[in-house]
Amino acid sequence: MTTTSNPASNRVSVARQTYQSPAVQTYAALLQTLRFSAGFDVVGNNDTAQSVMFRLPSGDDEYEARVMSDGAQSAVIIDAPLGVNDKSAAYSRLYCELSEQLAAQTTSLPPAEIAKRRFWKTVLADNHGPRSKWAIGAVIFACFGMISAISTFKEGTPNWSGSFILIIFMFTICGVAFMVTGRNGKVSGRNLVLVAFAISCIATVLVLGASLIVQLNYSHRYAAPSTPAVHTVQLTLR
């Protein structure tokens, strides 16, 4: 499959890395690495030329990664637009992730394990955009939920509606923050979202447990007193 993008007018080779795998295998791994990595956004690819166009989350410049055959080995060359700032860290990251991808492909893994790794990579992926206010808000509200859950133990009467509203709000904010962050998001903070989700889960357990304890204490305290048994004494007149 080949997809195209708007080509840059002038590019210059800025990095090169050699791999022990053949070009076909390296290209497949390169395409998969760029598609699933949080540090790169795929713009298009050319299967015939074995090249992939991509962007960095921090800008709109288009880069090209080309796979060249080098006998039994292969080389990946990165071309950058003329005048672009030095992105050596991004190039090194791409080569490192590509090496890990090639190593995973040469290791025989069951499909379920591969699917699980892809899932967690998607969940944990983030971008280099500005910090998401939703992610920060999720952590703050989750901490507020934790404090509220602890204070629930001291309440005299149960408040189930308030507890459920708190739980819904915590996970709703986490859900919104999760959607706006990640590899394809414009803002970063996926790690904060996961922290907020963990805190929200703990707060949920605490608030439900506290509400149940308060309910039991309240029911026991205001339970209707039991009616004393009435003993009837029968007198026999003689």
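How many aromatic pairs does a search of the whole structure find? The search finds seven. Rings of Phe, Tyr and Trp (its six-membered ring) pair if their centres lie within 6.5 Å; planes under 30 degrees apart count as stacked, over 60 as edge-to-face and the rest as tilted.

Before we start, note that this is a predicted model, where local features need pLDDT of at least 70, side-chain atom pairs count only at pLDDT 80 or more, and totals for chains, interfaces and linings use all residues. Residues are numbered from 1 along each chain as its sequence is written, and side-chain values use heavy atoms, with hydrogens and water left out.

**Exercise 1.** Classify the pair Phe54 and Tyr63.

*Solution.*
- The ring centres are 5.7 Å apart and the planes meet at 20°, so Phe54 and Tyr63 are stacked.
- Phe54 has 2% relative accessibility, so it is buried (under 20% relative accessible area; exposed is over 50%, partly exposed in between; 1.4 Å probe, protein chains only).
- Tyr63, at 2% relative accessibility, is buried.
- Ring pairs join Phe54 and Tyr63 with Phe40 and Tyr91 in a cluster.

**Exercise 2.** Do likewise for Phe171 and Phe197.

*Solution.*
- With 5.8 Å centre to centre and 75° between the planes, Phe171 and Phe197 are edge-to-face.
- Phe171 lies in helix 5 (residues 160–180) and Phe197 in helix 6 (residues 190–221), so the pair ties together parts 26 residues apart in sequence. Helices (H or I, at least four residues) are DSSP runs, numbered from the N terminus.
- Phe171 has a relative accessible area of 28%, so it is partly exposed.
- Phe197 is partly exposed, at 43%.

Technical notes. Helix = DSSP H or I, 4+ residues; strand = E, 2+ residues; numbered from the N terminus.
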